[in-house]
Amino acid sequence: MRRQLAAGFALVLPLVLGFSSCMSGEQSDGLSRVDDLLSRVEQVQVEALVSREKASAAFDALGTVVAPDFKGDPMLVYADLVRKIDESKTQAEKLEQSVEPMKGTANEVFQAWTKDLEKFGNTNLRQQSQARLAETRSRYSEVHDAAVAALVSINAFNSDLNDQALFLEHDFNAAAVSVIAAQVPALTSQARDLGRRLNACVNASKQYISSGALRGQIDSPSVPAEPAEKVASVPQARRLPNPISDTGDEAGAPEENAANTTTLPARRRPRAGATLANPLETPEAPPVVPGSTQPTSLPVKPETDHAALPTPAPVKPGEGGNL
């Protein structure tokens, strides 16, 4: 009899251990998917930040072309305008390519979460988990919707800038530039809308990351950086206000807090052995254009621990500035 019982336990024990191991693996996979989604959202956040920088640089390049006191080399300045527009278009493609993987990972996370709600024996915990699922899904929807809206805006903006460059390709003279200058108010309004949408995408991503990061991935709440030192004033005739980089004021935020709400990625330490690469890739620095009044934008150089993006150094009077 004892031998039969022992044999029975010998058969049942591996099954129990295997089932327990399977459950543990499923839970571990669930956290891995959650962490992967955070990395996908982080990628969208970074691509939106870089998209704003590239679009801003393209807008400034157009400002160099229409400046009333233009004294640069027309060949070099036009080539710089085309290059900046191409860079903005390429970056918009990167932003678009980061949205679809995020959407696919989100679907996996929320489907698994919804399925696991049926496994709860504790009714109270099940209800709380269901409520947190709804909150998390809502925060994710804000990220996705903001990214899609930003894509629509930046593609339209790049298309219009490309039309300006195409217009000047065979007719770059004073009369042709006056035609382009007449388009500046409409482009400025379009640039302002683009800046708002990219900021909304960045802020929604930051909120999702800060709220959903795994325990221990965020050391402490993000501390606002010191306000960036203002760039020295440039004569008005040489300055074209850039609403893409100045959208903080348009949104009604105090000027000293504008940069803090739109330029700092959420800080999150990647887990050990993460399957996704670090999304904070350093872009190449744009070359300086001789003879152009266009300032050279410093690239976004995020730290590997997802620290705040550096602030471009101030431009001294006489060295150029935003037109």
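**View A. Helices H2 and H3 run roughly antiparallel to each other.** The model is predicted: local features need pLDDT of at least 70, and side-chain atom pairs count only at pLDDT 80 or more, while totals for chains, interfaces and linings use all residues. Residues are numbered from 1 along each chain as its sequence is written, and side-chain values use heavy atoms, leaving out hydrogens and water. Helices are DSSP runs of H or I with at least four residues, strands are runs of E with at least two, and both are numbered from the N terminus. H2 covers residues 74-116, and H3 covers residues 123-169. The two pack at an angle of about 160°, and their axes lie 9 Å apart. Such an axis is a line fitted to C-alpha atoms over the stretch in contact, and the angle, from 0 to 180 degrees, is taken between N-to-C directions. Angles over 145 degrees count as roughly antiparallel, so H2 and H3 fall in that class. Their crossing is left-handed; the term means that the near helix is turned anticlockwise from the far one by less than a right angle, and clockwise would be right-handed. In the contact of H2 with H3 there are 21 nonpolar, 8 polar and 6 charged residues. Here Ala, Val, Leu, Ile, Met, Phe, Trp, Tyr, Cys and Pro count as nonpolar, Asp, Glu, Lys and Arg as charged, and the others, Gly among them, as polar.

**View B. Helix H3 packs with helix H4 (residues 174-181).** The angle between H3 and H4 is about 165°, with 10 Å between their axes. H3 is therefore roughly antiparallel to H4. The crossing of this pair is right-handed. From H3, the residues in the contact (heavy atoms within 4.5 Å) are Gln 164, Phe 167 and Leu 168; from H4, they are Ala 176, Val 177, Val 179 and Ile 180. Sorted by class, the contact of H3 with H4 holds 6 nonpolar residues, 1 polar residue and no charged ones.

**View C. Asp 80 and Lys 84 form a salt bridge.** A salt bridge is a side-chain nitrogen of Lys or Arg within 4 Å of a carboxyl oxygen of Asp or Glu. For Asp 80 and Lys 84, the closest N and O atoms are 3.4 Å apart. Both residues lie in helix H2, 4 residues from each other, which means a separation of about one helical turn. Residues under 20% relative accessible area are buried, those over 50% are exposed, and those in between are partly exposed (1.4 Å probe, protein chains only). Asp 80 is buried, at 3%, and Lys 84 is also buried, at 5%.

**View E. A salt bridge links Asp 193 and Arg 197.** The closest N and O atoms of Asp 193 and Arg 197 are 3.2 Å apart. Both residues belong to helix H5 (residues 184-212), where 4 residues, about one turn, separate them. Asp 193 is partly exposed, with a relative accessible area of 29%, and Arg 197 is partly exposed too, at 30%. Elsewhere, salt bridges with shared partners join Lys 54, Asp 80, Arg 83, Lys 84 and Glu 87 into one network. The count of salt bridges comes to 6.

View F. Ala 58 is buried, with a relative accessible area of 0%. Leu 81 is 23 residues from Ala 58 along the chain, yet their C-alpha atoms are separated by 6.5 Å.

**View G. Gln 91 is a residue of helix H2.** Gln 91 is buried, at 5% relative accessibility. With residues up to four places away in sequence not counted, Gln 91 touches Glu 47, Val 50, Ser 51 and Lys 54.

**View H. The whole chain has 7 helices and 0 strands.** Its elements, from the N terminus on, run α-α-α-α-α-α-α. Of its 323 residues, 38% count as buried. Among contacts between residues at least 6 apart in sequence, 85% join residues at least 24 apart.

Notes. Angles under 35 degrees count as roughly parallel, over 145 as roughly antiparallel, 65 to 115 as roughly perpendicular and the rest as oblique.
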